[in-house]
Amino acid sequence: MNSVHRTDRLIGAHGLTDARDRLLSADAPLAELQDRCGGDLPGTLAIPELLALVQQARRMGLRLARAFSAFDGDAEVTGFARIHPLGLDDGGGCEVLVENWQRSPLSPPSAREFADKLDAIDRATAEVSARLDARQQMQVLSARAPDAAALQTAALARSGTVWSELVELIGITHRQPLHWRLIDGAICQIAGSQRHWRVRLIPLGPDPHNPAGFELLLIADEPLVADLVADPGAQADAPETSPTRLVGTALTPVLRAPLARIIANAETIRARLAGPLREEYSEYASIIASAGQHLAAMLDDLADLEVVETPGFATAREPVDLADAAARAAGILGVRAQNRDTALVIEGARGAAVAIAEFRRVLQILINLIGNAIAYAPASTTVTITAAAAGEGRVAVCVADEGPGISPEQAARIFDKFERLGRGSAGDDDEESGNHKGSGLGLYISRSLAKAMDGSLTVERAPGGGALFRLELPAR
Amino acid sequence: MPRKMGEETMDLAADDAVEAILRDELARETRALGAVVPVLRHLLGSEAKALVSDAILARVRGMILDLSAQLLAALAGRDPATRAPHLADPAALDRWAETLMADEPLLGFCHALAAESLITERLQQRLTLDPVLSPLLQELIASDDPAIAGLAMHTLAAQSRFMQSQRRMELPLGELPAELFHAAVARAQGMVRGGAQDGTALMRLQAGYDEAASRLGLIARLVAAMRRGALAALALDHAGLALFASALAAATRCPRAVAVLACNEGQSARLALLLRAGGVALPAIERQLMLAEPAGRMPRALAGISAERAAALLADGAAAT
């Protein structure tokens, strides 16, 4: 019998399931994938291909070795899974080893393909579809959902009216008919339905600038729950703004590809890869690139902001070793620190401060704090990250820099949304160090995340006079 | 004709039974005879020459008999690796072989292995390509990463065992994919439950199985370990058929057997589409086609086919058969 050695460098992740295919424990990458696939830890294995392999290995009682792939929301994860079924004495589950863990961002499809795909998805999921003429007047409408039956009747009775008179558009006060592009994507409500519906207007005919008519689709944002149908009294608790994530789900995917292209091309010009160029032009290109990077970072921040502000936003609860998280965050920012000759010092032993929180959120906060410290403190200084216990049932991780520090007035505002304080005069080479002119959202998001994990994020004066940010979390 | 009741009816009944048996026998033999010409025509037909040659038939039959011998050995409580077909009851061996031959997936798997070994030998004759140690495998063995180098060494050993056992027309049970291994062992277990045979050897066989340690498992792991470099394995003359087929299967997510059989003569459209779906550039595809089939031509329309369309065409083709 050849057992698998954990020291094998090919092993990318390790996990353990039980007799009911619940993932009991997993290394960070596997745990994150499980989370991104919508599963819990511990909880039923949520990665479809791995689940099938585990079930097969258990059923046959054989050790399997198969390639698997999964989509984690942003990127394709591939790996080579080795599944070792365990005896009943060992829990009756499986040992899961993934070799060659690999995460590759999907190459973004062309804008046109992407739009076609979105249209196809919307057509497939629309519960109301209609045909309009060139002036957006109703020709025919058919509804599949029971709560849209009233709309169908109304459309039949008032054929020829502008379609928007039959629904209630939310957030659009202009009178119809508006240009179709302004309404495409809007949210509306319809008589007899408690649900929010997304409007799609897809132009028909050979000339998109002068459409011969429109395909109207209404796509419900929520599934139809039995008691939501025609019960006008029960509306009270429905959130005023339905959690439609405009930035994260609609804007970010569309904008990311062109932004990446702008940045890449500007970098090419800046580095004079395509041929000799006058100094000034190279500098302009460098400004374009850093502005592009700024926009990209801003987009990420706005998407995050949307997530933390969604009603009912919750984080996972798992043990997080703060010293480990700090070391990883420092590792990620190592190159940036090196560029400014900043030393990153981590104090506190692993295992000494273990919080109950969500690992990737803690990592996100730490990257924000350490990134700020690197950017705003003078070059060639030290940033100290300390993980330690902090009183009754709390643990804390502190990030202290040797910069100019923060005045009490600044401290009062620093966590506000879009607050930028004009800090950073000490970082005298903004251009060089890249895009540290943040969106003013980083600390706001970090504090919101800390609160969502029953923790807190505060700022105080470091012993050496710089700024000290303290993230406190409930201890395990 | 008046007839007495009694004996004669009895005799008639007995005759009926005998005749019925003979009639069945005759029908079976007629069927066998009737199958000869179509099978012959198929075997002699130019289309299928490479796909069902005598050499392939002999190897498939040999592998099935070898698997039967191993299962019989395990049922008799012996180590299956010793096989010892002379110890087995020839009738039992035939019965097992007949049962296993009825297993279509198993037959398909053995066929692909036989084709793989024959194509490998052909490449050796034509290109002097080492059937065991290809240039790519050599590079991988010399890798800086000890894990990859180790994996490549194991693969080398497994590939050398494979070529040897193919010459002997044998197939160790442990080289079967998990599904086929499971089906074969489950059949044997059914016999244990029915009869008085010992099941412990089967349990040992099952516990010792590790797909990751089989030749195909090792090659698949090696291809996965090459990550993006796996594109380098999409060249027959560089990677050798074994790595080439696994890399092509991984890149296009088609069964490995399909990738192997696409390297046969007369399958160049499939090979071209597979390579296209795997993201190989046109000039490189043309070169690979020449290697697989020197008389072959690249389908002219290929230039206009995107990788996605190629994958879709292959999927349509698979669904149609």
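## A walk through chains A and B

At the start of helix 8 of chain A, a side-chain oxygen of A:D321 comes to within 3.1 Å of the backbone nitrogen of A:A323. This is a predicted model: local features need pLDDT of at least 70, side-chain atom pairs count only at pLDDT 80 or more, and totals for chains, interfaces and linings use all residues. Residues are numbered from 1 along each chain as its sequence is written, chains are lettered from A and ligands numbered from 1 in the order in which they are written, and side-chain values use heavy atoms, with hydrogens and water left out.

Stay with A:D321. It lies in strand 13, residues 318-321 of chain A. Helices (H or I, at least four residues) and strands (E, at least two) are DSSP runs, numbered from the N terminus. The side chain of A:D321 also has a polar atom 2.8 Å from the backbone nitrogen of A:G351. Leaving out residues up to four places away in sequence, A:D321 touches A:R350, A:G351, A:A353 and A:V354. Contact means heavy atoms within 4.5 Å.

Which side chain of opposite charge is nearest to A:D321? It is A:R350, 5.8 Å away. A:D321 is buried yet has no salt bridge. Buried means under 20% relative accessible area, exposed over 50%, and partly exposed in between (1.4 Å probe, protein chains only). A salt bridge is a side-chain nitrogen of Lys or Arg within 4 Å of a carboxyl oxygen of Asp or Glu. Lys and Arg count as positive, Asp and Glu as negative; His and the chain ends are not counted.

Move on into helix 8, residues 322-332 of chain A. Its buried residues include A:L322, A:A323 and A:D324.

Now look at the surface. A:I269, A:L277, A:Y281, A:Y284 and A:I287 form a nonpolar patch there. Helix 7 (residues 279-309) of chain A gives the most to the patch, with three residues. A:Y281 is found in helix 7. Its relative accessibility is 47%, so A:Y281 counts as partly exposed. Patch residues have over 30% relative accessible area and no salt bridge; like charges are joined within 9 Å, nonpolar side chains (Val, Leu, Ile, Met, Phe, Trp, Tyr) within 5 Å.

Turn to chain B. It has 14 helices and zero strands. Of its 321 residues, 44% count as buried. B:R221 lies in helix 9, residues 215-225 of chain B. B:R221 is buried because its relative accessible area is 7%. Neighbours within four places aside, its contacts include A:F80, A:R82, A:E99 and A:N100, as well as B:L151.

Methods:
Polar contact = N/O pair within 3.5 Å; in protein donor to acceptor, adjacent residues only side chain to side chain. Areas by Shrake-Rupley, 256 points an atom, 1.4 Å probe, with all protein chains shown as cover.
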